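Here are some notes to read alongside the model.

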Amino acid sequence: MRIGTLLATLIPFLMVAWPVSAETNKPPEPAAVARGTKLYEKYCLACHGEKGAGEAVAPWAKSYNAAPALDNSMHTWHHTDEGLAKTILKGARAGSRMPAWENTLTTEQARDLVAYIKSLWGAWELSCQGPRHMMCLRNRK
Ligand code: HEC
């Protein structure tokens, strides 16, 4: 078997079999979404916009670190629940405008925010969330 063929067989398998928490790919709990909505409005909306639509940026502001959309219009659904909670608590890459919220929010609250973010996605993004996203994008007609 050629190495290319082997990888082509193995990679999609690994992406589906990759261990992720039981929550990833599952619809969020309505109670968690309700709590997350309040937190979102208080701490996140100012940057990430109404219903996670993202920050509008003037086309000439190329180097501005805009807050991305968290709904299904960008790639937030490529991340697992754990990955998103980690970004919320620890912040994004160094130098980013995305703050680390670990001194303000508990892990539970970060999970509620993840629930809210997931409520902004469609059924397809939910089922393709996390390691499955590559395979889903490739198979999308
Ligand atoms: C001061 C503006 C600002 C605030 C307030 C803010 N963010 Fe962000 N956020 C950003 C920026 C900018 C990024 C892009 C990260 C980068 O620089 O790569 C980001 C990235 C993210 C990401 C990663 C998205 C992805 O698709 O990878 C998540 C999740 C996120 N923020 C959630 C939140 C949540 C939840 C809150 C509220 C608790 C919040 N943010 C508050 C600016 C902000």
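1. Let's begin with helix 2, where the buried residues are Ala-32, Val-33, Gly-36 and Tyr-40. Seen down the helix axis, these buried residues fall within an arc of 95°, so they line one face of helix 2. The arc is that of the directions from the helix axis to the C-beta atoms. "Buried" is a count: a residue is buried if 20 or more other C-beta atoms lie within 10 Å of its own, exposed if 12 or fewer, and partly exposed in between, with C-beta atoms placed from the backbone. Helices (H or I, at least four residues) and strands (E, at least two) are DSSP runs, numbered from the N terminus.

2. A word on what you are looking at. This is a predicted model, where local features need pLDDT of at least 70 and side-chain atom pairs count only at pLDDT 80 or more, while totals for chains, interfaces and linings use all residues. Residues are numbered from 1 along each chain as its sequence is written.

3. Back to helix 2 and its other side. The face turned away from the buried side carries the exposed residues Ala-31, Glu-41 and Lys-42. As for length, helix 2 runs over residues 30-43, and its 14 residues should span 20 Å at 1.5 Å a residue; the end C-alpha atoms are 20 Å apart, which agrees. The expected span here is 1.5 Å times one less than the number of residues.

4. What do the buried residues of helix 2 pack against? The partners are helix 3 (45-48) and helix 5 (107-118). With helix 5, the packing angle is about 100° and the axes are 7 Å apart. Helix 2 and helix 5 are therefore roughly perpendicular to each other. For the wording, angles under 35 degrees count as roughly parallel, over 145 as roughly antiparallel, 65 to 115 as roughly perpendicular and the rest as oblique. Axes are lines fitted to C-alpha atoms, for helices over the stretch in contact, and angles run from 0 to 180 degrees between N-to-C directions.

5. Have a look at who touches whom there. Ala-32, Val-33, Arg-35, Gly-36, Thr-37, Leu-39 and Tyr-40 of helix 2 meet Gln-109, Arg-111, Asp-112, Leu-113, Ala-115 and Tyr-116 of helix 5. Two residues are in contact if their C-beta atoms, placed from the backbone, lie within 7 Å. Leu-39 is worth a click: with 19 C-beta neighbours inside 10 Å, Leu-39 counts as partly exposed. Beyond its neighbours within four places in sequence, Leu-39 is in contact with Gln-109, Asp-112 and Leu-113.

6. Mostly covered, helix 5 has 10 of its 12 residues buried; among them are Ala-110, Leu-113, Val-114 and Ile-117. Its buried residues pack against helix 2, helix 4 and helix 6 (123-128). From first C-alpha to last, helix 5 reaches 17 Å, close to the 16 Å expected.

7. Now for helix 4 (residues 81-90), whose axis comes within 9 Å of that of helix 5 and crosses it at roughly 120°. That makes helix 4 oblique to helix 5. The contact is made by Asp-81, Leu-84, Ala-85, Ile-88 and Leu-89 of helix 4 and Thr-107, Ala-110, Arg-111, Leu-113, Val-114 and Ile-117 of helix 5.

8. Most residues other than glycine have a negative phi. Asn-25, in the loop between helix 1 (3-17) and helix 2, has a positive phi, near 80°. Lys-51, in the loop between helix 3 and helix 4, has a positive phi near 50°. Asn-25 is partly exposed, with 19 other C-beta atoms within 10 Å, and Lys-51 is partly exposed with 15.

9. Finally, zoom out. The chain has 7 helices and 0 strands. Its C-alpha atoms fill a box of roughly 55 × 40 × 30 Å, taken along the principal axes. Buried residues make up 25% of the 141 residues. Of the contacts with a separation of 6 or more, 65% join residues 24 or more positions apart.
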